[in-house]
Amino acid sequence: MPTTVISGFTHNFLGKAPVWYKQVILLFLIANPIVMWTLGPGTAGWLLIAEFIFTLAMALKCYPLLPGGLLAVEALLIGLTTPDAVYLEVLTNFPVILLLMFMVAGIYFMKELLLVTFTQILVGVRSKSALSLLFCCAAAILSAFLDALTVTAVIISVAVGFYSVYHKVASGKGYQHKDHNAGSDDEVIELHREDLENFRAFLRSLLMHGAIGTALGGVATMVGEPQNLLIAKVVGWDFAGFFLHMAPVSVPVLAAGLFTCWALEKLRWFGYGGRLPKPVRRVLEEFAENERNKRTKADQAALWVQAFAAAILVVGLAFHLAEVGLIGLLVIILITSFTGVTDEHQIGKAFQESLPFTSLLVVFFAVVAVIHEQHLFKPIIDYVLSLPEARQPGMFFIANGVLSMISDNVFVATVYISEVKQALDAGAISYDHFQKLAVAINTGTNLPSVATPNGQAAFLFLLTSAIAPLVRLSYGKMVIMAFPYMLVMGGVGLYMVINHI
């Protein structure tokens, strides 16, 4: 315990984070102004990116909003960017913020329906390879017509439900036990500890297969990822036109990705292949049976309301009837109105998962503003455009992929498509070549970016979600598990971009 006020400050700084972690963050904060004034804003900007990635990598030590936020505030103070530039980035990405605020909360109110549906799938499909393919394929199809973040929120909600059910039983409690802390293993009975670890490995693989599926499907259509819509508007493609231009790359990559999913489960490489322990399966089967037996007419009516809201959600997103976040708000209003959820505190719980991540995303946009203000990517863009036309699509794919891994694929796509559009307007390239570069930019930002959690918002959301610490899914573990997918998706994507667009 602190004995002085000074030691109290030291103790409170970043809370329960390890002492070495606190020291590293302080070192970053001291070093950044020195680097800025001695080596210039360009070097300081790249250093800031590396530091922010470090805070993401150590997300299980301390939630990245806190150290990342301190770094972002310092970037503003030393002049790496301005408040207006940060606000502009936030404004540009406001649809993503709306999505996180309301869509994730909307999914929270559909959790009973999702848990019932996926529990039946889980206990009904006994082959892990088939189950993994089903998760990956379903995520790909849904992401092509919905949004990767929405699909990821569904997968997280289902996984939390599965984990909570078994963790209660492993702790010697009943399914419906209230106020159970699923984040602590202190009460877990020794007999169940091995099964709990195996169940974590099982859920980790399903979560990663599902997250990869969102990238496989998200690349194919103009509504799959936020930058897809932007690219489609700049180039002038409609829904069908976008799909047809991407198909020579997206369809082979989808086939290769699904084969990789099957192979990883069979070979049990890179952390995949974890099977559902028989005791856990029995618990989930008993839970499903118990839930069916005690379901009242009111509960059945609530499930029908959730199913109706889910149908509205799919139709609204597939036809882009409104911004995704507004459709999420509609789902919240419909489900709460017709299922009797009228208490403010009940509704407030739905936002607990999404708002911390929304805050983190705004901090991330501050880092993106630094990249924009200091033109950190401009030399790379200028170099690629100086190459012969035949080599440009492949190099754009590689450059977009690498930069998306360390930055944000939405920002990278925005910068690249605007630069290429300027080259088109200046008469430096033809419209046909412009379309080829647009395909390379879209696929380059969507496929290799699965390599790191910060490459795509859906992956970052998974890393910082409630399920990640429960199943021990760290930044490093995500990088390792994504590596084979990155090689296959990036390799097949690059080959198709070079030879078939």
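1. Buried area is the accessible area, taken with a 1.4 Å probe, that two parts lose on being put together, summed over both. Between domain 1 and domain 2 of this predicted model, that area is about 1,900 Å², with carbon and sulfur atoms giving 86% of it.

2. On the basis of the model, local features need pLDDT of at least 70 and side-chain atom pairs count only at pLDDT 80 or more, whereas totals for chains, interfaces and linings use all residues. Residues are numbered from 1 along each chain as its sequence is written, and side-chain values use heavy atoms, with hydrogens and water left out.

3. The domain assignment places domain 1 at 13-78 and domain 2 at 83-500, such bounds coming from an automatic or database assignment. The centres of the two domains, taken over C-alpha atoms, are separated by 27 Å. To their contact (heavy atoms within 4.5 Å), domain 1 gives 20 residues and domain 2 gives 25 residues.

4. Salt bridges (a side-chain nitrogen of Lys or Arg within 4 Å of a carboxyl oxygen of Asp or Glu) number seven in the structure, while the count between domain 1 and domain 2 is zero.

5. Arg-126 lies in the loop between α7 (111-124) and α8 (128-145) and Glu-285 in helix α13 (residues 278-294), so the pair ties together parts that are 159 residues apart in sequence. Helices here are DSSP runs (H or I, at least four residues), numbered from the N terminus.

Methods. Helix = DSSP H or I, 4+ residues; strand = E, 2+ residues; numbered from the N terminus.
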